[in-house]
Amino acid sequence: MSEHIVSPKIYLLIFAVLMILTVTTVYAATVDLNAYFHSLNIIVALVIATCKAILVILFFMHAYYSSKRTKLIVFAGFFWLAIMLSLTLSDYASRHLDAH
Amino acid sequence: MHRTGELSGQFQTLEQQKESATLGMWIFLSTEILFFGGLFLTYTINRHTYPDVFSFSSRTIKLSWGAINTVVLIGSSLTMAMSVWSAQVGKKKLVTFFLIATLVLGSVFLGIKGIEYHDKFVEHHVPGLSFDMYYCTNNPGACSNVSPEDLAKEKVELDELTKKMGGETAVNANSQLFFSLYFGMTGLHALHMIIGAGLLLWLIQQSTKGRFTAQYNTPVENVGLYWHFVDIVWIYLFPLLYLIDRH
């Protein structure tokens, strides 16, 4: 089998980084970042969550070591999600209703 | 009847055969991304519409349980990855060990989720006929799982929120939105965990028969992909449901 065997050291390192990011996101939630910049809290939370997801996808799910074909399929799944989110949210955002 | 990793007729190389299994799993995961994505979209729209209610409702959920669950679940992803590695290097006993470890951690996660759901039930935060955000503050002593200091803080914030939203009915109606999403999203996630636990039980049983080797460990890898995906969903659920506004 010509698959790349990822060493446990890498897994442990990624795990450690994921733990650090978890602590960071909990801490960031306790700080009023919205005072510095509008919606900064949610932006920070989503950026950290995305970093964690990318690490899991690349290393735990072996996407880093996969063929270009596999990487394309991985990307496609999230691209379709992006289509759904961006089109629906821009629809809501462009509705000029009083309550929203 | 069972696959053994030998080259099947329709494939040219073992590498191609292996990759097709991985691709198939990822395509399935794409459907899962959209499945959960719909709920995340609903959450986004509703939170944007009722930011104060969402913020308050989120704070009635115990942060510590969610944080512990995050650590437990990421840990289970580590043990799952380690079981794939064990198969790749031919350590058959370790494969079983790490699969069992993953199952144990997954079960701890589900157990904690059960505790959380029970808490919500006691506090009358389950959407439906008995839903009442004011139950705990109106019936002191009824919500024994909430500490008196937290309850006092809750009452102050709840009074402010009621003024802002223009009445108790509005607060109850809109916080039911949050909790519907909370139970819907974590419930769907927990269902996926239970399915994953079933898959792990199957893998554990097969691994004790020595079925997973360096030559053939595709089932372990693919269940791993599924398990990691469920972990990623939680990685997003945790900040969105538990960490809206903790300051």
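Biologist: Which helix of chain A has the lowest mean pLDDT, and which the highest?

Modeller: This is a predicted model, and pLDDT is the predictor's own confidence in each residue, from 0 to 100. Helix H3 (residues 68–93) of chain A has the lowest mean among the elements of that chain, at 95, while H1(A) has the highest, at 97. Over the whole of chain A the average is 92, and 94% of the residues score at least 70.

Biologist: And what does chain B average?

Modeller: Chain B averages 95, with 100% of the residues at 70 or above. For the complex, the predictor gives an ipTM of 0.93 and a pTM of 0.94.

Biologist: How many helices and how many strands does chain B have?

Modeller: Chain B has 8 helices and 0 strands, so a run through its sequence reads α-α-α-α-α-α-α-α. Its C-alpha trace spans about 70 × 30 × 30 Å along the principal axes. Of its 247 residues, 38% are buried.

Biologist: What makes H1(A) and H3(B) roughly antiparallel to each other?

Modeller: It's the angle again: the axes of H1(A) and H3(B) come within 10 Å and cross at roughly 170 degrees. With the cut-off at 145 degrees, H1(A) and H3(B) are therefore roughly antiparallel. Among the residues in this contact are A:Tyr11, A:Phe15 and A:Met19 from H1(A), and B:Ile74, B:Ala81 and B:Trp85 from H3(B). The classes here are 13 nonpolar, 2 polar and no charged.

Biologist: How many residues does each chain put into the contact between the chains?

Modeller: Chain A gives 40 residues and chain B gives 40 residues. H1(B) has the largest share, 17 residues. The side of chain B that touches chain A has 24 nonpolar, 11 polar and 5 charged residues.

Biologist: Which residues touch the most other members of the largest nonpolar core?

Modeller: B:Ala81, B:Val233 and B:Leu237 do, in a core of 73 residues. The elements giving two or more residues include H1 and H2 of chain A, along with H3, H4 and H8 of chain B. H8(B) gives the most, with 17 residues. In soluble globular proteins, nonpolar side chains tend to be buried together.

Biologist: Leaving aside its neighbours within four places in sequence, what is B:Ala81 in contact with?

Modeller: B:Ala81 is in contact with A:Tyr11, A:Phe60 and B:Gly224.

Biologist: Is A:Ser39 buried or exposed, and is A:His62 buried or exposed?

Modeller: Count the other C-beta atoms within 10 Å: 20 or more means buried, 12 or fewer means exposed. A:Ser39, in the loop between H1 and H2 of chain A, has 11, so A:Ser39 is exposed. A:His62, in the loop between H2 and H3 of chain A, has 21, so A:His62 is buried.

Biologist: How do you know whether B:Arg3 is buried or exposed?

Modeller: B:Arg3 has 12 other C-beta atoms within 10 Å, so B:Arg3 counts as exposed. B:Arg3 sits in the segment before H1 of chain B. B:Arg3 and B:Phe212 are 209 residues apart in sequence, yet 11 Å apart in space, C-alpha to C-alpha.

Conventions:
Residues are numbered from 1 along each chain as its sequence is written. Chains are lettered from A and ligands numbered from 1 in the order in which they are written. This is a predicted model: local features need pLDDT of at least 70, side-chain atom pairs count only at pLDDT 80 or more; totals for chains, interfaces and linings use all residues. Two residues are in contact if their C-beta atoms, placed from the backbone, lie within 7 Å. Helices (H or I, at least four residues) and strands (E, at least two) are DSSP runs, numbered from the N terminus. Ala, Val, Leu, Ile, Met, Phe, Trp, Tyr, Cys and Pro count as nonpolar, Asp, Glu, Lys and Arg as charged, and the others, Gly among them, as polar. A nonpolar core is a set of buried Ala, Val, Leu, Ile, Met, Phe, Trp, Tyr and Cys residues joined through C-beta atoms within 7 Å. Axes are lines fitted to C-alpha atoms, for helices over the stretch in contact, and angles run from 0 to 180 degrees between N-to-C directions. Angles under 35 degrees count as roughly parallel, over 145 as roughly antiparallel, 65 to 115 as roughly perpendicular and the rest as oblique.
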